[in-house]
Amino acid sequence: RAAGDPAITEIKDWNRYLGEGVDAAPYGAPSPFEAHVVRRDVPWLTADPVSSVNFTPLHELDGIITPNGLCFERHHAGVATIDPAEHRLMINGLVDTPLVFTMQDLQRFPRENRLYFLECAANTGMEWRGAQLNGCQFTHGMVHCVVYTGVPLKLLLDEAGLKASGTWLLAEGADAAAMTRSIPLEKALDDCLVAFKMNGEALRPEQGYPLRLVVPGWEGNMWVKWLRRLEIGDAPYAQREETSKYTDLLDDGTARRHTFVMDVKSVITSPSPQAPVTHGKGPLVITGLAWSGNGRISRVDVSLDGGRNWQTARLDGPSLSKALHRFYLDIDWDGSELLLQSRAIDEAGYVQPSKDALRAARGVNSIYHNNGIQTWQVRADGVVENVEVS
Ligand code: MTE
Ligand code: CO
């Protein structure tokens, strides 16, 4: 270009003037140019924001860690604002010694750091009957993945002393919903954490400050936030969230219950409806996320033609059990229409099913546990739509 590129030749304000000094923002915030990277809700989904959900902007993120301010939120009765000095965790029921811990007590137990995804069982639930929401933020954004710091639940239960008759645990939240879920003791003793930090800093209020339960690989609803009580019992407690909710009504009128594990799943995050292709033909980075409640992801395949042909994608970044995995397929796009799909396979050998296969097995009554293969149509002009192919 004869005149030269003004991005290079013109003097900009940021060359001319001093910038802000240190401490202009004691707790930092993203660049103002990234102001569009936010959680979003779907206003018509729920009657009121205090019993609602907003969604992680997956299409704007890379790697496998979700920044704290972008983790989707799901509350049944709003965000509890809890003074940690007044917060207690009680353990009662079938134990030798009922115990009450302050936050300080909990921080004197040996702690561990672990990276896990949390997925709401209702993630992708609006897509059971067909393509509906135009963006992976809305179709798949009820998932996040952070490093938790916390005390293994086993240490606290051992401190109280479990009676031999104990087989189940009831976890209860301190919010206005007093959310309660039954968890098999075997899981509680295996890999659950009582966490007080996420990505190194205190839990955010929305994520259960000052204390939440971490139930790796299992449905988000069981990860009780604002955790205040653990009761040991000898049977599941049949609470609302495991009877009328978080069960899967089948075509024959019976319901699957105790469907705790989040099965293998993946989605292409870019290109996607909110992240269209804006650069024409040539090199195109296709990227997405895969995860499984059964462990690590062993392979992700990507199709450019609606599932007729598959190529193995490149997994990049740490591969950790029950955590998000990042995949890429770097292609030379010829500018013609694509029907993008991804299909993940986990270390247990489970293969992500097609939506048709899922509907054949489960019917269309449920909103929970939809891990079917997602299709994005990339048009020649780069616009991307949520579609289904059969
Ligand atoms: N815990 C309490 N106490 N109250 C709640 O409303 N919502 C549950 C679970 N734990 C909830 C709760 C649901 S349905 C999900 S999916 C996860 O928290 C969401 O966690 P997040 O808000 O950190 O994304
Ligand atoms: Co949920």
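Buried area is the accessible area (1.4 Å probe) that two parts lose on being put together, summed over both. That term is needed at the second stop. The model is predicted, so local features need pLDDT of at least 70 and side-chain atom pairs count only at pLDDT 80 or more, while totals for chains, interfaces and linings use all residues. Residues are numbered from 1 along each chain as its sequence is written, chains are lettered from A and ligands numbered from 1 in the order in which they are written, and side-chain values use heavy atoms, with hydrogens and water left out.

**The two domains**

Select 75-256 and colour it as domain 1, then 265-387 as domain 2. These bounds come from an automatic or database domain assignment. The domain centres, taken over C-alpha atoms, are 29 Å apart. In the contact (heavy atoms within 4.5 Å), domain 1 supplies 38 residues and domain 2 supplies 34.

**The interface**

Between domain 1 and domain 2 about 3,200 Å² is buried, and carbon and sulfur atoms give 54% of that area. Two salt bridges are counted between the domains; the term means a side-chain nitrogen of Lys or Arg within 4 Å of a carboxyl oxygen of Asp or Glu. Select Glu119 and Lys265: their side chains form a salt bridge with an N to O distance of 2.7 Å.

Which elements give two or more residues to the side of domain 1 that touches domain 2? They are strands E6 (112-119), E7 (143-152) and E14 (248-249), together with helix H4 (136-140). Helices (H or I, at least four residues) and strands (E, at least two) are DSSP runs, numbered from the N terminus. H4 gives the largest share of that side, five residues.

**Ligand 1**

- His76, from a polar backbone atom: 2.7 Å.
- Gln207, from a polar side-chain atom: 3.0 Å.
- Lys225, from a side-chain N or O atom: 2.5 Å.

**Backbone stops**

Most residues other than glycine have a negative phi, and most peptide bonds are trans. Go to Tyr209 and Pro210, joined by a cis peptide bond with omega about 10°. Pro210 sits in the loop between strands E11 (201-202) and E12 (212-214).

Ser270 to Pro271 is also a cis peptide bond, with omega near 0°. Pro271 belongs to the loop between strands E16 (265-270) and E17 (282-291).

Finish at Lys322, a residue other than glycine with a positive phi, near 60°. The loop that holds Lys322 runs between strands E20 (314-316) and E21 (325-333).

How values were computed: A polar contact is a pair of N or O atoms within 3.5 Å; within protein, one must be able to donate a hydrogen and the other to accept it, and residues adjacent in sequence count only if both atoms are side-chain atoms.
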